[in-house]
Amino acid sequence: MTTEVTTPVPQYPFGAVVALELHPRYEELRRTEPVTRVRMPYGGEAWLITGYPELKQFLADPRFSSLKATEPDTARVTPLPLRPGNLLSMDPPEHTRIRRVVAGAFTMRRVEQLKSRIKQVVDTQLNSMEQHGPPVDAVEYLAVPVPVMMICELFGIPYAQRHRFRGFSDIFVATTAFSAEDIDKSRDELENYLAEVVEQRRGQPAEDLATALLQAFEVENRLTANEMMRTGIGILMAGHETSLSMISNVLYLLLSRPELYAQLCADPELVPTAVEEMLRLIPLRSVGSFPRVATEDVEIGGVLIHAGDTVIFQRAAADRDERIFDDPDQVDLSRRENPHLGFGHGAHHCLGAPIARMELRLVLEGLVRRFPDLRLAVPAEEVPWKPGLIARCPAELSVAW
Amino acid sequence: METGTDRTLPGRAVRCLVGGGDNVTERLWRIEVSDACIGSGMCLATAPGRFQLVGGYSEPVVADLAPGDESVIAAAELCPAGAIVVRDRDTGRKVTPTD
């Protein structure tokens, strides 16, 4: 007599998030079932994608809706679903319309213009480090100020008022918990402050995001006032936290494996490919996220996803797919063929990618040049990590030289 | 302030051609994708049917097309690498990027 054995759908997430480690279950799944069912903490079951070709196909496929994933019953990891109103939770044509307004502030040309400013900020911070003397918290000295200053530059926040902006943004980057009320209050104050900045552009246009937003709203009628503010804040917050986390994570990884940092110091020409390798390997997000909902039946990797199904993915697992990358688990700072998906793919490809790349390169170039004997001031296992389900990031990264 | 629901995008690129007094219907646009392409797939998502990924990098499906497809202009604007240029096929004058 045969009994049918049904494998229960596994609970997701698979386990605790530890530093920058990827849970081994992802790799098992990628090898055997790159499109698989999981049970989410809220909202029921979803599909989890862990394979590279499958993920790339999914990300490019317009039949998956980001907007639908804001609905209250979406299968998800967080208590609340994705918030509507920002680029990541929009579909074409709204998404295209809004992204076009802000894209001008993020072109390669504009980023090149910003390069000397970023370099100045990095140099100032490195000077501060030197002046203070070891040990310093690299999160405090580099990972926070570089992106914050860059966002100010991009947005057009006047230099004299940056401390004010930092006052608001500190709440969002603080490693100690703030109450929901504090965060909401801070967000409101930030929104008011940004409205002021945008207002200042009336009659005084500049080549910055505040001007682009105001222009799109007032002159070109391409945005509503609400969209203008929500988009501004969305970009500000998104750009901020991700860059901050990545800078911290990159430093953690390179310093916890000193031979890697030494390699970079010996050959600073490797910095650009090293940055790409970091983007490939570092699982920035704590868990698979950015859910989308199928609007029709779609087949991916031989699996039929039904209309209405939620799909999430673990990008870091896909970026270690041996079908695409040689020695995928090796940190190869000189890796040439590196079509990683660290910035995503398709319509939602990271808007800030050129800036993030620039920041990471300039931070590393500055460090290897001026602090070739940089090292962790505490054992790697003792580096504290921020709790939470969004981006992985050390709460503090004490370094010495 | 008019904030109606009609979200028709201004056809800025078409205005460029028409403003020159040219006979728009005889012109063709040429789409070029440079080596700067990073394979983000943004253009495929923005202008379906106009671009394809070959070996992971973008190429126009058809290099020459009749002017006026706003989605191609959008793709050029949205390309994260600034790799897409649309020109008047005969004069070589750039239609995008518009800055």
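Biologist: What is the bridge partner of B:Trp29 in β4(B)?

Modeller: B:Leu65 is the partner of B:Trp29 there. Keep in mind that this is a predicted model.

Biologist: How many bridges join β1 of chain B to β4(B)?

Modeller: There are 2 bridges, and the strands run antiparallel. β1 of chain B covers residues 29-33.

Biologist: And what's the strand order in that sheet?

Modeller: The order is β4-β1-β5 in chain B, an open sheet of 3 strands with antiparallel pairing. β4 (64-65) and β5 (84-88) of chain B each have a single partner strand, so one side of each has no neighbour in the sheet.

Biologist: Which helix lies across those strands?

Modeller: Helix α3 of chain B, residues 70-78. α3 of chain B runs at about 135 degrees to β5(B).

Biologist: Switching to the interface. How many residues are in contact?

Modeller: On the chain A side, 20 residues contact 24 residues of chain B. The two chains bury about 1900 Å² between them, with 58% of that on carbon and sulfur atoms.

Biologist: Which residues of chain A lose the most area to chain B?

Modeller: A:Arg97, A:Arg100 and A:Asn221. Together they make up 31% of what the chain A side buries.

Biologist: How many salt bridges across the interface?

Modeller: The rule finds 2. One of them pairs B:Glu70 with A:Arg100. Their closest N and O atoms are 2.9 Å apart.

Biologist: Which helix gives the largest share of chain A's side?

Modeller: α3(A), with 5 residues. Helices supplying at least two residues each include α3 (94-103), α4 (108-132), α9 (209-218) and α14 (353-370) of chain A. By class, that side of chain A has 6 nonpolar, 6 polar and 8 charged residues.

Biologist: Now the chain A sheet. What order do the 5 strands take?

Modeller: β1-β2-β8-β5-β3, an open sheet with mixed pairing. β1 (35-39) and β3 (64-65) of chain A are at the edges with a single partner strand each, so each has one side without a neighbour in the sheet.

Biologist: In what sense do β2 and β8 of chain A pair, and over how many bridges?

Modeller: Parallel, over 3 bridges. In that pairing, A:Leu48 has A:Ile312 of β8(A) as its bridge partner.

Biologist: What does helix α2 of chain A touch in the sheet?

Modeller: Helix α2 (residues 52-60) touches β1, β2, β3, β5 and β8 of chain A. The direction of α2 makes about 130 degrees with that of β8(A).

Note on methods:
Residues are numbered from 1 along each chain as its sequence is written. Chains are lettered from A and ligands numbered from 1 in the order in which they are written. This is a predicted model: local features need pLDDT of at least 70, side-chain atom pairs count only at pLDDT 80 or more; totals for chains, interfaces and linings use all residues. Side-chain values use heavy atoms; hydrogens and water are left out. Two strands pair if DSSP finds at least two bridges between them. Helices (H or I, at least four residues) and strands (E, at least two) are DSSP runs, numbered from the N terminus. Contact means heavy atoms within 4.5 Å. Axes are lines fitted to C-alpha atoms, for helices over the stretch in contact, and angles run from 0 to 180 degrees between N-to-C directions. Buried area is the accessible area (1.4 Å probe) that two parts lose on being put together, summed over both. A salt bridge is a side-chain nitrogen of Lys or Arg within 4 Å of a carboxyl oxygen of Asp or Glu. Ala, Val, Leu, Ile, Met, Phe, Trp, Tyr, Cys and Pro count as nonpolar, Asp, Glu, Lys and Arg as charged, and the others, Gly among them, as polar.
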